[in-house]
Amino acid sequence: MKFTLTQKGIILVSIPLVFELLFVGTLSFLLAQAEDESYKAFHASRVGDCSNVLIRDIFELTSMTRNDVSQALSSDWYKKTVSTIRSDLDALQAAAKDDPTQERIVQESVDAGEEALLLLNQLHKTLESGDSLLAIDKLRQLKDELRSCAKRMISRDLIEMALREKQKAEKSHSKQLGFRNQIKPLLVIGIILNIIIAIFVVLTFSKKIVKRLNTLIDNNFRLANGLPLNPSIAGSDEIAELDATFHDLANSLSKAKQKEKSMIEHSADVICSLDIDGKLTTANPACKRILGYSEEMILGMNIRSILVDEDIETFNESLSSAMTGTTETQFESRVRQKNGDPIDVLWSIHWVEPEKSFFCVGHDITARKEIERLKQKFMAMVSHDLRTPLATISNYLEMLAAGLFGELNERGEHLLKIAESNGNRMLSLINDLLDLEKAEFGGLQLECSKQSLNELLNQAVKTVSSLSFRKQVRMELTPTDLEVLADNNRVLQILINLISNAIKFSAKDSTIKISAEKNENMAFIHISDQGRGIPEEMKEAIFERFHQVEIADAVDKGGSGLGLSICKTLVELHGGKITVKNNIDKGSTFSFSLPLAEQNKIEIA
């Protein structure tokens, strides 16, 4: 039968408890028997003693001569004798009160005693009268009656009762002695059994519980040190269940470690550990694939020895930062492969205090860096080889439109306008691309100063007024007295871009509302239109490069897909945030924030 740990504990506690209850019950029974026999002995002894005292006193009284009685009755002896006899009778009556038979015998003695005392009282009064002859004569007459009373007081029944009670007392004493003789060995046996049961409980507890708990503790030590666990503990109690759970946990950890080891071994990134001096203590196989060094070659090597000299100082600073910081540190460096070729690596370093080592992950970013370099070359080419010719073409088109090269017919003017529009679009696209690249690489700087937000809003509205007139869209501007800390030209660029978009996507005779409000230390500008709105799934995507709500917008509305991305970049450079939400009735509202001028001047990244 299988028991739980709680049930086993109850059983172990119950065994000595049951024995103690039986032992105490047996002792209590024997003590009760001994006490009962003691009471019987006491009762019998008392009855016998009282009977014997009464018999002795009556015998002394009846053995006196006539002259002795006359002299005694005329002295203090009378009072003492009467008091003694009455005391003896009362004591005998009290001792025999619980036994009806004894009460009857004693009552007969008491009645005879009262008669005898009455006769003695008559003699005493006669002697007190002073007539000695009369008293002697009275004594002669009452002597037989006194003897009769004495016989009845110390009757055969009383004598036999005294003998019986004496025998009872002797028997009770013998029984008490027998009970005492039984209790002594019982106590010895009980003590011995208590010791045996205690040893049994201790051994059982040690075998069933302590030994198994020690197995659990040993398994914990083995798991921590990577050693195989002890066999599973048999049983179905809590310790066995805990051991089974512990084995399951160990198996899960083993599988997790195996997966982790497999991931590290098959990882495309370099994963290694460095001691506090920068020496490699562990490394995964990717070191061979990426750096060209086998695991045996690279272990013990100081990682500084394979870094490009110009990046060693950055590496040292990153290690110091990782030791003092609470998060991982990232930095880029160039590493020389075994064949001497440098590669670009993005390092993530985390300091592990208990192990006094650095945990490092190195990701090969050579391809990405090469793309970035090509991208920079491309942007330089766009800036120099495209923007400059386009600017020249734009200048010639302006001169042509001004009539410097002669008058154009109607078709020529129409084609000239198309050329100017496409040229300006190309220049705007190139400038937007260059601005985004500058912002990404930290080359776009803001010149912030205190600006009247109302003046900026009015200036932006005036700039796009011709577009709103052509589209027949009304603009409603709510005046404001807020002042912001911002770059004048860049904020105008944001406002013109957002208002222009609102006009482009608004229906004829609709209204665009422009307003501003203060919230804590920021000014929030809202531009609300009555256009088609923004689909929920596109609210984040429209702020990315080349993303538009509909593909046809680039053709129909003349957009490049870079305007909102530039707005987001410029707003974030100011320390603000740009969002969009759909209106309850129709259209959408673009909102962005700028720091108020009353705040300290922000630092532009």
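Biologist: How many disulfides does the count come to here?
Modeller: In this predicted model, the count comes to zero disulfides, where a disulfide would need a pair of cysteine sulfur atoms within 2.5 Å.

Biologist: Is Cys 287 buried or exposed?
Modeller: Cys 287 counts as buried at 1% relative accessibility, and Cys 272 is buried as well, with a relative accessible area of 1%.

Biologist: Switching to the sheet, in what order do the strands come?
Modeller: The open sheet has five strands in the order E2-E1-E5-E4-E3, with antiparallel pairing. Strand E2 (280-283) and strand E3 (329-336) stand at the edges, and each has a single partner strand, so one side of each has no neighbour in the sheet. From one strand to the next, the twist averages 30°.

Biologist: How many bridges join E4 to E5?
Modeller: Eight bridges join strand E4 (residues 342-352) to strand E5 (residues 357-364), and Trp 347 stands opposite Gly 362 in E5.

Biologist: Which strands does H10 lie across?
Modeller: Helix H10 lies across E1 (270-275), E3, E4 and E5, and runs at about 150° to E3.

Biologist: Where is Ser 318 found?
Modeller: Ser 318 is found in helix H10, residues 312-324, and is buried with a relative accessible area of 7%. Beyond its neighbours within four places in sequence, Ser 318 is in contact with Thr 329 and Phe 331.

How values were computed. Residues are numbered from 1 along each chain as its sequence is written. This is a predicted model: local features need pLDDT of at least 70, side-chain atom pairs count only at pLDDT 80 or more; totals for chains, interfaces and linings use all residues. Side-chain values use heavy atoms; hydrogens and water are left out. Buried means under 20% relative accessible area, exposed over 50%, partly exposed in between (1.4 Å probe, protein chains only). Helices (H or I, at least four residues) and strands (E, at least two) are DSSP runs, numbered from the N terminus. Contact means heavy atoms within 4.5 Å. Two strands pair if DSSP finds at least two bridges between them. Axes are lines fitted to C-alpha atoms, for helices over the stretch in contact, and angles run from 0 to 180 degrees between N-to-C directions.
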